[in-house]
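Subject: Handing over a structure, with notes

Dear colleague,

Please find below the structure I said I would pass on, followed by my notes on what was found in it.

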Amino acid sequence: GTVEQVFEAGSQDLIFKLKGDDHLFYIDTGTTADMKLASLKSGLRGQSVEIYYVKYWSPMDSFSKLKHIAKVDVNRTTLYSKSN
């Protein structure tokens, strides 16, 4: 998708909003010291990205539009990958 907006939620989550998608995708930055919000806000807006998110089912799925990011690629380069 194409990044419409990157913003912070709370003190440790980085949220990605993609154009034409009603889901929000997030990274828990508390475990990712190298994520720089300021550069992502300006650097990713309008960029095409591939977001891989954790797919799991919950009874709350029909109410939640929030997806946990496992990996983000920009121009075939991995920007973020969740370590297990």
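In what follows, buried means under 20% relative accessible area, exposed means over 50%, and partly exposed is what lies in between, with a 1.4 Å probe and protein chains only. By that scale Lys 71 is partly exposed, with a relative accessible area of 28%.

Please keep in mind that this is a predicted model, in which local features need pLDDT of at least 70 and side-chain atom pairs count only at pLDDT 80 or more, whereas totals for chains, interfaces and linings use all residues. Residues are numbered from 1 along each chain as its sequence is written, and side-chain values use heavy atoms, with hydrogens and water left out.

The overall picture comes first. The protein chain has one helix and six strands, arranged along the sequence as β-β-β-α-β-β-β; helices (H or I, at least four residues) and strands (E, at least two) are DSSP runs, numbered from the N terminus. Of its 84 residues, 30% count as buried, and the accessible surface of the chain, from the Shrake-Rupley method with a 1.4 Å probe and with only the protein chains shown counting as cover for residues, comes to about 5600 Å², of which 49% belongs to carbon and sulfur atoms. If contact is taken as heavy atoms within 4.5 Å, then 41% of the contacts between residues at least 6 apart in sequence join residues at least 24 apart.

Two salt bridges were counted, a salt bridge being a side-chain nitrogen of Lys or Arg within 4 Å of a carboxyl oxygen of Asp or Glu. One of them joins the side chains of Lys 65 and Asp 22 at 3.4 Å, N to O; since Lys 65 lies in the loop between S4 and S5 and Asp 22 in the loop between strand S2 (13-18) and S3, the pair ties together parts that are 43 residues apart in sequence. Lys 65 is partly exposed, at 40% relative accessibility.

In the other, the side chains of Lys 71 and Asp 73 meet at 3.7 Å, N to O. Lys 71 also lies over the face of Tyr 52, at 5.3 Å from the ring centre, where the rule asks for NZ of Lys or CZ of Arg within 6 Å of the ring centre and within 35 degrees of the ring normal. Asp 73, which belongs to strand S5 (residues 66-74), is buried with a relative accessible area of 10%. Leaving aside neighbours within four places in sequence, Asp 73 is in contact with Val 49, Glu 50, Tyr 52, Thr 78 and Leu 79, and a polar contact of 2.9 Å joins its side chain to that of Thr 78.

The structure holds one aromatic pair. The ring centres of Phe 25 and Tyr 53 are 5.8 Å apart and the planes stand at 50 degrees, so the pair is tilted. Phe 25 is in strand S3 (residues 24-28) and Tyr 53 in strand S4 (residues 49-53), 28 residues apart. Phe 25 is buried at 5% relative accessibility, whereas Tyr 53 is partly exposed at 35%.

Finally, the loop between S5 and strand S6 (77-81) holds Asn 75, which has a positive phi of about 50 degrees although it is not a glycine and is exposed at 61% relative accessibility.

Definitions and conventions: Polar contact = N/O pair within 3.5 Å; in protein donor to acceptor, adjacent residues only side chain to side chain. Phe/Tyr/Trp six-rings, centres within 6.5 Å; stacked < 30°, edge-to-face > 60°.
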